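Reader: Could you take a close look at the aromatic side chains here, and at the part of the packing that goes with them? Please give the cut-offs as you go.

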Amino acid sequence: MGVLLYEIVIGYPPFYDPELPSNKVKELIVLQETCYPSDIPLSHDIKDFISKLLEKNPKRRLGYHGGTKELILHSWIGRINKSLYLEK
């Protein structure tokens, strides 16, 4: 979900570098923190949401402990009517 959202927002996948062979990209995925291009204005909330979805440690990843409810309660999702979901 984090990779898809990153690509929708940024326009290309995280850790993308057309100059690198695929095995080096795999290393970046494992070792490098998520970076955001400086020329695309992004709110702190969207960067926080994506970064937490892309957390390398699954036990610290957003949604691991609270499932979908944890995602819905994130500040970036603040515009939707959460009570409709939470009542189900």
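Author: The structure holds 3 aromatic pairs, where rings of Phe, Tyr and Trp (its six-membered ring) pair if their centres lie within 6.5 Å, with planes under 30 degrees apart counted as stacked, over 60 as edge-to-face and the rest as tilted. This is a predicted model, in which local features need pLDDT of at least 70 and side-chain atom pairs count only at pLDDT 80 or more, while totals for chains, interfaces and linings use all residues. Residues are numbered from 1 along each chain as its sequence is written, and side-chain values use heavy atoms, with hydrogens and water left out.

One of the pairs joins tyrosine 12 to tyrosine 16, a tilted arrangement with 6.0 Å centre to centre and 40° between the planes. Tyrosine 12 has a relative accessible area of 32% and is therefore partly exposed, that is, between buried (under 20%) and exposed (over 50%), with a 1.4 Å probe and protein chains only.

Beyond residues up to four places away in sequence, Phe49 touches Met1, Leu5, Leu62, Leu71, His74, Trp76 and Ile77, contact meaning heavy atoms within 4.5 Å.
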